[in-house]
Amino acid sequence: MAHTPTAPAHAAGPTPVAEAVGIGKRFGATVALRDARIAVAPGESHALVGRNGAGKSTLVSLLTGLRRPDAGVLRFSGEPAPPVGDIDAWRARVACVYQRSTIIPDLTVAENLFLNRQSSGSLQPIRWRQLRHRAEELLGEYGVDVDAAARARDLTVEQRQFVEIARALSFGARFIVLDEPTAKLDARGIGRLFDKLRDLQRQGVAFLYISHHLQEVYDLCTTVTVYRDATHILTAPVTEVGHRALVEAMTGDTAATTADATAVDPAAGHRAAGPDERPELLTVDGLTLPGVCHGLSLSVRSGEVVGLAGAAASGNVRVGEAVAGLHRAEEGRISVGGRAVRPGSVPSALAAGVGLVPEDRHLQGLVGNRSVAENATLTVTDQLGPFGTVLPSRTRVFARRMIRDLDIKTPGPATPVSALSGGNQQKVVVARALATDPRVLVAVRPTNGVDVKSKEFLLRRVREVADGGKAALIVSDELDDLRVCDRVVVMFHGRVVAEFAPGWRDEQVVAAMEGVGVTDHAAPGTDTDTDADTDADADAPGTDQDER
Amino acid sequence: MSATTDVTEPAAGVARTTAEDSRRGLDLGRFRELSLIPAILVLGLIGFIVSPAFLTSDNLIGVAQQSTELSLLVLATALILISGRMDLSLESTIGVAPVIAVWLVLPTSGARFTGLGLLPEWTAIPLCLLTGAVIGAVNGFLILKLRLNGFIVTLGMLTMLRGLQVALSEGQSIVELPSSFTYLGKASWWGAPAAIWICVVLFALGSAALAWLRHGRALYAIGGNAEAARTAGIRVDRIVWLVLIIGSVLAAFAGILYSGHYGSLSATQGSGWIFQVFAATVIGGVSLNGGKGSVFGALTGVLTLQLVVNVMTLAGVPPLWNQFLNGAIIIVALIISRFASGEKQE
């Protein structure tokens, strides 16, 4: 299918299921879109890529009828778009799975699926049993294995996403916009999501797929459109655009971008010193976290970047957080430079010299409405003035240094963090972790949801930390993150199952993360533990501090 | 679980287990609104042991009648909290709405309190309810159109309306009320005060609407995630506005029952109630963050608080200790329901 070359779409092929021509949109002084266009053919999977701020999200809000374009025409299957506000008409043409979940956690799956249409009329009482049957039918139709009577809060992220897709399509649209659907999924979840999407595609559903992960674009999509600086740059079949050409189109410069991974090559000389002779900076010995891992040992030497890889259920994130003092270990020791860290104590971990880049910058990283300066210096308030005071002048000076050091694009240190783009927000989080000048940097998915260039920058920065004689632990399941590492340790269900020296192949690491080839299958025991932990979390004080 | 674990949680490899877990969670959720029933039974038992007067129909009807006005405010607060808002001014509405209505209908001379005599006496009740609706509409305008903070707006409204009532009534109780106005609070139908029947009906209506009507369910959606509700096509602002108006009308109606019950309109009518109202609603399982709870649960909250006071009185505890015990009961009830439901209240 999908023959939508750079030429206007109506020249060849069927009428596009969704088409935007000459779209313009401004927000005050900012131009969000300028003469932008896109055309999605029936049954096509069309990728939309671009850096943060390229106008992707604005296009989504226009395509789904949430906002009105200032200029240009939107057409669905050749007909003009319905007026903004006619929600039902829009829903019959375009379905959308938004970046932020639109599932209401305290209602059941069935009610979420039929929200605001539980009964035929507003005075008609809802017939709950019938509603559940309808929900089960709908879920069955799209092959989603979820209990319709379950509360949505108890679903996994992946199941919630499937429910959202089923709901979006249940309005009859044959065109669906997916705005970064994989941001919160692990590799296996992404695999299953893709299987589902391919299934739907076979049924004739067309996709507009928005993602920061170029690999996903190659895996799933047939056509790719690139936006940059609020306008359309290129549309071409995926097979005709190389990885490099795509990155160039997104960033707009040809020299600096030698594909994100290779730019930061771990083999750049420093390992010649012989890493084995260097002192161990971080030692994890026999770490046992209830329901997560048992007797886990790990060490990171000075000058080394170690990747701690694993799928979502592997417990690698928990281990990384435990090193930073967020979880109390049942047994085992964590020591930094020979000094033991008191388990479950963030101040003790900070004092020992551990810096953490947390997984979710919105929940654990940033205080959104406070300034860049305040956020960047949150961990070092003790250094900003005598006797427990925090002097604004010193804060500013400190923040300016961090802004320069990390190349944070911000109007000034006083700008609220929420006004920055995703990539720059993440840089502020990294700045905060580096502010204490840590001896051990723990970075959990440090490049989650940031664009290609910021990603490259952040990974290089982590590399530099290690080159300065410190140690870095990257906790991630992203191959791009892991490529920077001197050593990759793979966890599966709470145990270390493999270790790779540089030069590993993608399949090897992915296979290890998926637990393929693991003979001693520890899964059943660990699984039940994890579930028990999920239910009875009320009495685990170590985990309480970060729950909400 | 932490945000992290949310993501890290055993992925669908264990889909079946999660499904079972969630079913169990649902059952717990169902029982949560009944979690105060045992407490009520225990209170009944204590009352029975403490005094033979407790388990008499006179006493129990008395408790029920004393609960009526409070319970109407609790019904209003439950609806408003479920949709994720707050209205503190309810406790002033209960006083000011009757005063305004009475002020408009009472004759200009001949009594200690002189009104304007603008309208016939039978309009007192409709006027009172209308005043309630206007107050709710104004609150809604300030919160939803001007986008002011609901807590502070209704706090200001609370003070302002109380002041208006004091100014209009010159700080005194009004005793010469129209007979139509006092009828509902005084009358007795089928052997029990009319107020009790009315409350039962209103609670049944509220429960049914929240359980079986689309617009009722919309309150949970709005309180749970307003953005998601909007994308689902729910007219969020309109419904919240309506809920605020209904809440204030209920408060005005509570004012009618109250003044009928005591035969006079005191200047401090309802003053300080809002703390009890919130306490009863929250121990009844309604979340302060919205999206959770039920009208029935809120009702059990009121009954618990009222029974405690009644049992204390019968047990001969000096009334001077009432306030202390009331506060203590609220905190104990919160602790119990926190552990009975296993969920955190934030």
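In the hairpin of strand 19 of chain A and strand 20 of chain A, which residue takes a positive phi?

Guide: The model is a predicted one, and the residue in question is His493(A), whose phi is positive, near 45 degrees. The hairpin has two residues between its strands. Among the facing residues, Phe492(A) stands opposite Arg495(A) in strand 20 of chain A.

Of the 548 residues in chain A, 50% are buried. When contacts in chain A between residues at least 6 apart in sequence are considered, 68% join residues at least 24 apart.

Antiparallel pairing is also found elsewhere in chain A, in an open sheet of four strands with the order 12-11-14-15. Its edges are strand 12 (293-301) and strand 15 (339-340) of chain A, each of which pairs on one side only. Strand 12 of chain A is joined by six bridges to strand 11 of chain A, residues 280-289, and these two strands run antiparallel. Here Thr283(A) stands opposite Ser299(A), which lies in strand 12 of chain A. Helix 10 of chain A, residues 316-323, packs on this sheet and touches strand 11, strand 12 and strand 14 (331-336) of chain A. The direction of helix 10 makes about 120 degrees with that of strand 11 of chain A.

Two packed helices are described by the angle between their axes and the distance between the axes. For helix 13 (residues 273-283) and helix 14 (residues 295-314) of chain B, the angle is about 120 degrees and the axes are 7 Å apart. Helix 13 of chain B is therefore oblique to helix 14 of chain B. The crossing of these two helices of chain B is right-handed. Helix 13 of chain B contributes Gln276(B), Ala279(B), Ala280(B), Thr281(B) and Ile283(B) to the contact. From helix 14 of chain B come Ala298(B), Gly301(B), Val302(B), Thr304(B) and Leu305(B). By class, the contact between helix 13 and helix 14 of chain B has six nonpolar and four polar residues, with no charged residues.

Note on methods:
Residues numbered from 1 in each chain as written. Chains lettered and ligands numbered in written order. Predicted model: local features only at pLDDT ≥ 70, side-chain atom pairs only at ≥ 80, totals over all residues. Pairing = 2+ DSSP bridges. Contact = placed C-beta atoms within 7 Å. Axes fitted to C-alpha atoms, helices over the stretch in contact; angles between N-to-C directions. Parallel < 35°, antiparallel > 145°, perpendicular 65-115°, else oblique. Left-handed = near helix turned anticlockwise from the far one by under 90°. Nonpolar A, V, L, I, M, F, W, Y, C, P; charged D, E, K, R; others polar. Buried ≥ 20, exposed ≤ 12 C-beta atoms within 10 Å, placed from the backbone.
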